[in-house]
Amino acid sequence: MTDFKVGQTVELVRKLDRGLSADIGDVGTIEELTNDPDFPINIAWLKNGEIEAVNRREIVIIKDYPVEEEAK
């Protein structure tokens, strides 16, 4: 299982929820991890700034933390 963290850049690879405004291929940043059993990851989409909850199966990490941030 992928270990998602706040600050990572992710890409939407599938849509499990028709109410999601983002489209396949959209990129965003993980803003918050929640306890929601179905959609536990809040993403801020770069195209419109909207924050939406997604399921971990809907996204893939495309950029992790910069090295400087990991060292703190």
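Which residue forms a salt bridge with D26? Keep that in mind while we get set up.

**Before you click**

You're looking at a predicted model, where local features need pLDDT of at least 70, side-chain atom pairs count only at pLDDT 80 or more, and totals for chains, interfaces and linings use all residues. Residues are numbered from 1 along each chain as its sequence is written, and side-chain values use heavy atoms, with hydrogens and water left out.

**Stop 1: the sheet**

Switch to cartoon view and find the strands (DSSP runs of E, at least two residues, numbered from the N terminus). Five of them make an open sheet in the order β4-β3-β2-β1-β5, with antiparallel pairing. Here, two strands pair if DSSP finds at least two bridges between them. In general, strands of a sheet pair through backbone hydrogen bonds, either parallel or antiparallel.

Now colour β4 and β5 (59-63): these are the edge strands, and each pairs on one side only. Neighbouring strands are turned by 45° against each other on average, direction ignored. The axes behind that angle are lines fitted to C-alpha atoms, and angles run from 0 to 180 degrees between N-to-C directions.

Zoom in on β3 and β4, which pair in the antiparallel sense over four bridges. Select I43, then look across to E52 in β4, its bridge partner.

**Stop 2: K47 and its two partners**

Next, show the side chains of D26 and K47. There's the reply to the opening question: D26 forms a salt bridge with K47, and their closest N and O atoms are 2.9 Å apart. (A salt bridge is a side-chain nitrogen of Lys or Arg within 4 Å of a carboxyl oxygen of Asp or Glu.) D26 lies in the loop between β1 and β2 and K47 in the loop between β3 and β4, so the pair ties together parts that are 21 residues apart in sequence.

Through shared partners, salt bridges join D23, D26 and K47 into one network.

Buried or exposed, how does D26 count? At 16% relative accessibility, D26 is buried, while K47 is partly exposed at 47% and D23 is partly exposed at 41%. (Buried means under 20% relative accessible area, exposed over 50%, partly exposed in between, with a 1.4 Å probe and protein chains only.)

**Stop 3: K5 and D3**

Finally, select K5 and D3, whose side chains meet in a salt bridge at 3.5 Å, N to O. K5 is partly exposed, with a relative accessible area of 33%, and D3 is exposed at 52%. By the salt-bridge rule, the count comes to three.
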